[in-house]
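Reader: I would like to go through the links between side chains in a protein chain. Could we look at one together?

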Amino acid sequence: MIPLGIGGFIVVALLSMFTGVNFFDILGGGSSPSPDSTAVGTSGRVNASPSEEKMVDMVDAVARDDQELWSQLLGGRYEQTKVVLFRDSIQSACGYAGAATGPFYCPGDHKVYLDLGFFDELDRRFGAPGDFAQAYVLAHEIGHHVQTLTGTEGQLRNAQRSNPGSANAMSVRLELQADCYAGVWGHRAAQQGRAAAGGVELDPGDVEEGLRAAAAIGDDRLQKLGTGRVMPEKFTHGSSEQRVTWFRRGLESGDPKACNTFDQ
Ligand SMILES: [Zn+2]
């Protein structure tokens with residue numbers, strides 16, 4: 001999880017990855033904490049703004065494309081995941097996710113939770129705009145799904161329990177591997193002619209966008225923004241430099257075997 005403060009109104013959207021039908025559906029009712037309450041209701045469907053619809057389409061396309069890749073790579077071991085879009089807060093099998101949670105993967109229900117507000121934040125606060133920056137964040141979370149399916153996540157949690165002193169350092173390795181897995185997808189999306197074949201194809205400048213995003217959400221940068229200090233022992237995701245390095249490793253190799261952050 002990437003801890004960030006995110007404001008905004010409550011929109012919970014479920015995105016179906018199989019039917020291709022995008023719909024916003026309020027899961028939790030209640031009042032809106034902000035005046036921007038056009039999308040808030042207590043039940044039923046909600047109309048998304050045009051920019052949100054565009055975002056939903058992007059999430060849908062990337063999630064399909066990335067998952068197609070992983071089912072090729074993992075074969076029968078791969079299970080499709082779903083992406084749950086939300087704003088502000090949501091209840092998952094991993095507990096309550098408040099406004100400060102940001103995007104996350106929940107191993108308990110095998111779903112990716114994407115906070116749309118985080119995308120705004122990526123642009124405004126971290127200076128990492130662009131759809132590929134967003135795609136990188138999504139592919140990183142799907143990377144966690146892959147780690148759960150391959151057993152890496154479970155092994156790591158066990159190791160963390162038996163050795164709590166190095167829990168953060170181990171978490172960094174898991175996160176950097178997810179960055180590398182996002183790069184593996186980026187490698188595929190960088191192949192020319194993919195758009196014509198119905199896949200996701202990167203535009204010029206997209207790789208830079210993704211690398212900028214990886215740098216923007218390094219623990220050192222976030223800590224500096226949050227507290228003005230950098231505390232490497234508290235890193236859970238890796239420094240900006242580490243995140244860029246591993247994302248790039250995936251991008252350049254296109255091979256998950258290049259993502260063994262545990263042997264470094
Ligand atoms: Zn992560």
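Author: What follows concerns the disulfides and salt bridges of this predicted model.

Reader: What is a disulfide, in general terms?

Author: The term refers to a covalent bond between the sulfur atoms of two cysteines.

Reader: How many disulfides does a search of the whole structure find?

Author: The search finds two disulfides. One joins C94 to C106, with an S to S distance of 2.1 Å. The other is formed by C180 and C259, whose sulfur atoms are 2.1 Å apart. Counting bonded cysteines along the chain, the pattern is 1-2, 3-4.

Reader: Why is the disulfide of C94 and C106 called right-handed?

Author: It is right-handed because the torsion about the S-S bond is about 95 degrees. By contrast, the link of C180 and C259 is left-handed, with -70 degrees about the S-S bond.

Reader: And which parts does the pair C180 and C259 tie together?

Author: C180 sits in helix α5 (residues 167–189) and C259 in the segment after α8 (240–253), so the pair ties together parts that are 79 residues apart in sequence.

Reader: Are these cysteines buried or exposed?

Author: C180 and C259 are both buried. C106 also counts as buried, because its relative accessibility is 0%. C94 has 38% relative accessibility and therefore counts as partly exposed.

Reader: Changing topic: how many salt bridges are there?

Author: The count comes to six salt bridges. Among them is the one between R194 and D65, at 3.1 Å from N to O. R194 is in the loop between α5 and α6 (206–216) and D65 in helix α1 (residues 50–74), 129 residues apart. Both R194 and D65 are buried.

Reader: What does R188 form a salt bridge with?

Author: R188 pairs with E68, and their closest N and O atoms are 2.9 Å apart. R188 belongs to helix α5 and E68 to helix α1, 120 residues apart. R188 counts as buried because its relative accessibility is 12%, whereas E68, at 43%, counts as partly exposed.

Reader: Which residues are linked in a network of salt bridges?

Author: The network links D65, E68, R188 and R194.

Reader: What about R243?

Author: R243 forms a salt bridge with D179, the closest N and O atoms being 2.8 Å apart. R243 lies in helix α8 and D179 in helix α5, so the pair ties together parts that are 64 residues apart in sequence. Both R243 and D179 are buried.

Definitions and conventions:
Residues are numbered from 1 along each chain as its sequence is written. This is a predicted model: local features need pLDDT of at least 70, side-chain atom pairs count only at pLDDT 80 or more; totals for chains, interfaces and linings use all residues. Side-chain values use heavy atoms; hydrogens and water are left out. A disulfide is a pair of cysteine sulfur atoms within 2.5 Å. Buried means under 20% relative accessible area, exposed over 50%, partly exposed in between (1.4 Å probe, protein chains only). Helices (H or I, at least four residues) and strands (E, at least two) are DSSP runs, numbered from the N terminus. A salt bridge is a side-chain nitrogen of Lys or Arg within 4 Å of a carboxyl oxygen of Asp or Glu.
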